[in-house]
Amino acid sequence: MDLKDKRTFSLQRLKRSFSYALNGIKLAMGEPNFRIHLIASLWVILFGFIFSLTRVEWGIILLLIFGMFTLEMMNTAIERTVDMVTKEFHPLAKMAKDIAAGAVLLFAILSVILGMLIFIPKVMMYF
Ligand SMILES: Nc1ncnc2c1ncn2[C@@H]1O[C@H](COP(=O)(O)OP(=O)(O)OP(=O)(O)O)[C@@H](O)[C@H]1O
């Protein structure tokens, strides 16, 4: 496919890209970290209903949940790419993987802080 073909709109190609993206989500679901996030997210959603979150709070929670899945998938994609490039120990491979993992950790810290800011006052009302 040349560059001109790629620039013209094609419903067929859009459908194909969509199916590749869905396949990416399916592949990510096989990752243990993804499943841990899924279980944690379902618990957060359950508690969201129990504590009757406001629309803004739901918006923040959904942003955090989707953001976490997105980052975890990018991290996995970087890990796979690095593994494809080299199986040998390489400082740049370590740097790429550790930085990607660090990005996930930063977002996880933000999620815990915002989650606590939302849920702690609601839990406190019961005491
Ligand atoms: N080719 C490499 N060269 C140098 N260091 C590496 C290399 N591959 C992995 N590492 C180091 O080992 C750590 C663990 O790597 P690994 O590929 O097992 O990823 P992981 O974080 O355990 O993720 P997962 O288990 O989901 O694949 C990396 O974060 C990195 O510090």
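Me: At what angle do the axes of α4 and α5 cross?
Reply: This is a predicted model, and in it the axes of α4 (residues 55-85) and α5 (residues 91-124) cross at roughly 165°. They come within 10 Å. Angles over 145 degrees count as roughly antiparallel, so α4 is roughly antiparallel to α5.

Me: And is the crossing left-handed or right-handed?
Reply: α4 passes α5 in a left-handed crossing. As for what sits in that contact, its residues divide into 20 nonpolar, three polar and six charged.

Me: OK, ligand now. Which residues are around it?
Reply: The ligand has Glu79, Glu88, Phe89, His90, Ala93, Lys94, Lys97 and Asp98 around it. By class, that shell has five charged residues, two nonpolar and one polar.

Me: Which helix gives the largest share of the shell?
Reply: That's α5, with four residues.

Me: What do the oxygen atoms of the ligand pair up with?
Reply: Asp98 has a side-chain N or O atom 2.6 Å from an oxygen atom of the ligand. For Lys94, a polar side-chain atom lies 3.0 Å from a ligand oxygen atom.

Me: And what about a nitrogen atom of the ligand, what is 2.9 Å from it?
Reply: A polar backbone atom of Glu88.

Me: How much of the ligand's accessible area does the protein cover?
Reply: The protein covers 58% of the 610 Å² that the ligand has on its own.

Notes. Residues numbered from 1 in each chain as written. Predicted model: local features only at pLDDT ≥ 70, side-chain atom pairs only at ≥ 80, totals over all residues. Heavy atoms only, no water. Axes fitted to C-alpha atoms, helices over the stretch in contact; angles between N-to-C directions. Helix = DSSP H or I, 4+ residues; strand = E, 2+ residues; numbered from the N terminus. Parallel < 35°, antiparallel > 145°, perpendicular 65-115°, else oblique. Left-handed = near helix turned anticlockwise from the far one by under 90°. Nonpolar A, V, L, I, M, F, W, Y, C, P; charged D, E, K, R; others polar. Near = heavy atom within 4 Å. Polar contact = N/O pair within 3.5 Å; in protein donor to acceptor, adjacent residues only side chain to side chain. Areas by Shrake-Rupley, 256 points an atom, 1.4 Å probe, with all protein chains shown as cover.
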